[in-house]
Amino acid sequence: MNIELKELTHEDIALASRIDRSDISENFVDNLNTIMEYTDYGIAHGCIGHTFVIKKNDVYIGLIMLGEAIEWETDPPEMKSEPFYRLMGFVIDKKYRGKGIGGEALEMTIAEVYKDFGVRPIALGCHKENEPAAKFYIKHGFKKTKYMEQNDIYYLRYPERT
């Protein structure tokens, strides 16, 4: 696919704001400013993980955040038994969807976080009405749980045990 992951910084905000996600509700995926706030919080509090802009041919086409899961009251019980990562803010510009870029970006991000910080299970919340995203995550090894956080259903992915 020839995509590149670049750590998101405040200098990237103007270019990253051009990512066309006009067809995706903020109920489905947090906006860029919220993800930058979470990133700043994580840096200030020593949380591990990465927030990347996804680039193709020097064009910002997506955003993804995978980092240390800070416990939420609504987290499934299995998340409370061992350290987890939480996936948030993952969006691909609508012109680039359906081309395998999202899957490649997700797997590249997971590999990078595992390499830099160690292997852990991954959790995410997917809006109960966002069926395309739910299918995408299941295709990439996430399992739907019965637990919810507001309108989001939790999905969990465990590392392959070798």
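The questions and answers below go through how several features of this predicted model are named.

Q: Why is the aromatic pair of Y85 and Y114 called tilted?
A: The structure holds 5 aromatic pairs, and in the one formed by Y85 and Y114 the ring centres are 6.2 Å apart, with 35° between the planes.

Q: What makes the pair of Y85 and Y114 a link between distant parts of the chain?
A: Y85 belongs to strand β4 (residues 85–92) and Y114 to helix α3 (residues 101–117), and the two are 29 residues apart.

Q: How do you know whether Y85 and Y114 are buried or exposed?
A: Buried means under 20% relative accessible area. Y85 has a relative accessible area of 0% and is therefore buried, and Y114, at 17% relative accessibility, also falls under the cut-off and so counts as buried.

Q: What makes R120 a charge over the ring of Y85?
A: R120 lies over the face of Y85, at 5.2 Å from the ring centre, and the distance asked of a charge over a ring is within 6 Å.

Q: Why is the pair of F136 and Y137 called edge-to-face?
A: The ring centres of F136 and Y137 are 5.3 Å apart and the planes stand at 75°. Planes over 60 degrees apart count as edge-to-face, so the angle of 75° places F136 and Y137 in that class. F136, Y137, F90 and F142 together form one aromatic cluster.

Q: Why does F136 count as partly exposed, whereas Y137 counts as buried?
A: The cut-off for buried is under 20% and that for exposed is over 50%, with partly exposed in between. F136, at 22% relative accessibility, lies in between and so counts as partly exposed, whereas Y137, at 9%, is under 20% and therefore counts as buried.

Q: What makes the contact between E11 and T9 a polar contact, and where is E11?
A: The side chain of E11 meets the side chain of T9 at 3.1 Å in a polar contact, and the distance asked for such a contact is within 3.5 Å. E11 is placed in the loop between β1 (3–7) and α1 (13–16), and its relative accessibility of 68% is over 50%, so E11 counts as exposed.

Q: Which contacts does the side chain of T145 make, and why does T145 count as buried?
A: From its place in strand β6, the side chain of T145 reaches the backbone nitrogen of Y147 at 3.1 Å and the backbone oxygen of Y154 at 2.9 Å. The relative accessibility of T145 is 13%, which is under 20%, and T145 therefore counts as buried.

Q: What makes strand β7 mostly covered, and with which strands does β7 pair?
A: In strand β7 (residues 152–157), 6 of its 6 residues are buried; D152, Y154 and L156 point one way, and I153, Y155 and R157 point the other way. Two strands pair if there are at least two bridges between them.

Q: What is noted about the phi of Q150, and why does Q150 count as exposed?
A: Q150 is not a glycine, although it has a positive phi of about 55°, and it lies in the loop between β6 and β7, a hairpin with 2 residues between the strands. Its relative accessibility of 70% is over 50%, so Q150 counts as exposed.

Q: Which residues and elements line the largest pocket?
A: The largest pocket holds about 1000 Å³ of space. It is lined by 41 residues, of which F28, V29, F90, N130 and Y137 are the closest to its centre. The elements that give two or more residues to the lining are β4, α3, β5, α4 (131–139) and β7, and β4 gives the most, with 7 residues.

How values were computed: Residues are numbered from 1 along each chain as its sequence is written. This is a predicted model: local features need pLDDT of at least 70, side-chain atom pairs count only at pLDDT 80 or more; totals for chains, interfaces and linings use all residues. Side-chain values use heavy atoms; hydrogens and water are left out. Rings of Phe, Tyr and Trp (its six-membered ring) pair if their centres lie within 6.5 Å; planes under 30 degrees apart count as stacked, over 60 as edge-to-face and the rest as tilted. Helices (H or I, at least four residues) and strands (E, at least two) are DSSP runs, numbered from the N terminus. Buried means under 20% relative accessible area, exposed over 50%, partly exposed in between (1.4 Å probe, protein chains only). A charge sits over a ring if NZ of Lys or CZ of Arg is within 6 Å of the ring centre and within 35 degrees of the ring normal. A polar contact is a pair of N or O atoms within 3.5 Å; within protein, one must be able to donate a hydrogen and the other to accept it, and residues adjacent in sequence count only if both atoms are side-chain atoms. On a 1 Å grid over the protein atoms alone, a cavity is a set of points where a 1.4 Å probe fits but cannot get out, and a pocket is an open set with protein on both sides within 12 Å along at least five of seven lines; lining residues have an atom within 4 Å of a point. Grid points are joined across faces, edges and corners, and a volume is the space filled by probe spheres set on the points.
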